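Dear colleague,

Please find below the structure that I am handing over to you, together with its sequence.

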Amino acid sequence: SRLLLSGRDIARLEKVAASCRARGARVEIRVLDVGDAAGMRDWIAQADSAGRLDLVIANAGISSGSGGRGESAAQARRIFDINLGGLLNTVLPALELMRARPATGKPRGQIALMSSVASFRGFAGAPAYCGSKAAARVWGEGLRALHAAEGIEINVICPGFVRSRMTAVNRRPFPFLMDPERAAQIIRAGLSAKRGRITLVRCERPVHGG
């Protein structure tokens, strides 16, 4: 099996790739901006032609922070461009490839969209972020229903607060802050179980919806 990673920061990509290789994974990386629709389409097509893509995780997200100041017009547009546009740039070409696969009675592929628990309510400090994640969640839920009969599994991942660079820049405390290792365990279990919605909260076991 192969693990393909893309991102804008070569140093961070190399660090993640090295960690995965140390655990026995075969990793390929590509420096690419998720906002580049043509670049994403070409990369996904090349990756699939080199070996069938079984699981695609569309994880695109930026924020202006949650200090209660809201977002400027420029920030709001950028947030939607990346958080929703980046998902479109990833999901649509992957979905097209999977739908073109012959019907054999076996799954044609799996696509997971990264949303957020912030998608369930608009907060004054981050309305564009909440809105973009709400759009991602509802779009993913619709895709799941639309393509289930075609043998394509769609999952929506809704993390709460996970310790990361995004949470590190905020000064206020976060409820139910979770370490990334625990978040990864819950996401992996949810994807393996083919859950429609994988919601992360800090508790003894994953909380999810079907």
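The notes below begin with the chain as a whole and then turn to individual helices and residues.

This is a predicted model, in which local features need pLDDT of at least 70 and side-chain atom pairs count only at pLDDT 80 or more, while totals for chains, interfaces and linings use all residues. Residues are numbered from 1 along each chain as its sequence is written, and side-chain values use heavy atoms, with hydrogens and water left out.

Overall organisation

The protein chain holds seven helices and seven strands; these are DSSP runs numbered from the N terminus, helices being H or I with at least four residues and strands E with at least two. Along the sequence they follow the pattern β-α-β-α-β-α-α-β-α-β-α-α-β-β. Of the 210 residues in the protein chain, 39% are buried (buried means under 20% relative accessible area, exposed over 50% and partly exposed in between, with a 1.4 Å probe and protein chains only). Among contacts (heavy atoms within 4.5 Å) between residues at least 6 apart in sequence, 60% join residues at least 24 apart.

Helix α1

Helix α1 covers residues 10-22. Its 13 residues reach 18 Å from the first C-alpha to the last, close to the 18 Å expected at 1.5 Å a residue (the expected span is 1.5 Å times one less than the number of residues). Leu13, Ala17 and Cys20 are the buried residues of α1. They lie on the same side of α1 because they cover an arc of only 60 degrees around the axis, the arc being that of the directions from the helix axis to the C-beta atoms. These buried residues pack against β1 (3-7) and β2 (27-31). The face turned away from the buried side carries the exposed residues Ala11, Lys15 and Ala22.

At the N-terminal end, Asp9 caps α1, with a side-chain oxygen 3.0 Å from the backbone nitrogen of Ala11. This is a polar contact, that is, a pair of N or O atoms within 3.5 Å; within protein, one must be able to donate a hydrogen and the other to accept it, and residues adjacent in sequence count only if both atoms are side-chain atoms. After α1 comes Gly24, whose phi is positive, near 95 degrees.

Helix α4 (residues 85-99) has 15 residues and spans 21 Å from its first C-alpha to its last, close to the expected 21 Å. Its buried residues include Leu87, Val91, Leu95 and Met98. Among the elements covering the buried residues of α4 are α2 (37-50), β3 (55-58), α3 (73-83) and α5 (127-147).

The axes of α2 and α4 come within 9 Å and cross at roughly 35 degrees (axes are lines fitted to C-alpha atoms, for helices over the stretch in contact, and angles run from 0 to 180 degrees between N-to-C directions). Where do the two helices meet? Ala37, Met40, Arg41, Ile44, Ala45 and Asp48 in α2 meet Asn89, Thr90, Pro93, Ala94 and Leu97 in α4.

Met40 lies in α2 and is buried, with a relative accessible area of 2%. Leaving aside neighbours within four places in sequence, Met40 is in contact with Leu32, Asp33, Val34, Asn89 and Thr90. The C-alpha atoms of Met40 and Ala94 are 9.7 Å apart, although 54 residues separate them along the chain.

Pro93 touches Arg41, Ile44 and Leu88, not counting residues up to four places away in sequence. Pro93 and Ile44 are 49 residues apart in sequence and 7.0 Å apart from C-alpha to C-alpha.

Two loop residues

Ser116 sits in the loop between β4 and α5. Is this residue buried or exposed? Ser116 counts as buried because its relative accessibility is 6%. Its side chain reaches the backbone nitrogen of Ala118 at 2.9 Å. Beyond residues up to four places away in sequence, Ser116 touches Tyr129, Lys133, Ile157, Cys158 and Pro159.

Lys194 lies in the loop between α7 (180-192) and β6 (197-199) and is partly exposed, at 37% relative accessibility. Phi of Lys194 is positive, near 60 degrees, in a residue other than glycine. Most residues other than glycine have a negative phi.

With kind regards
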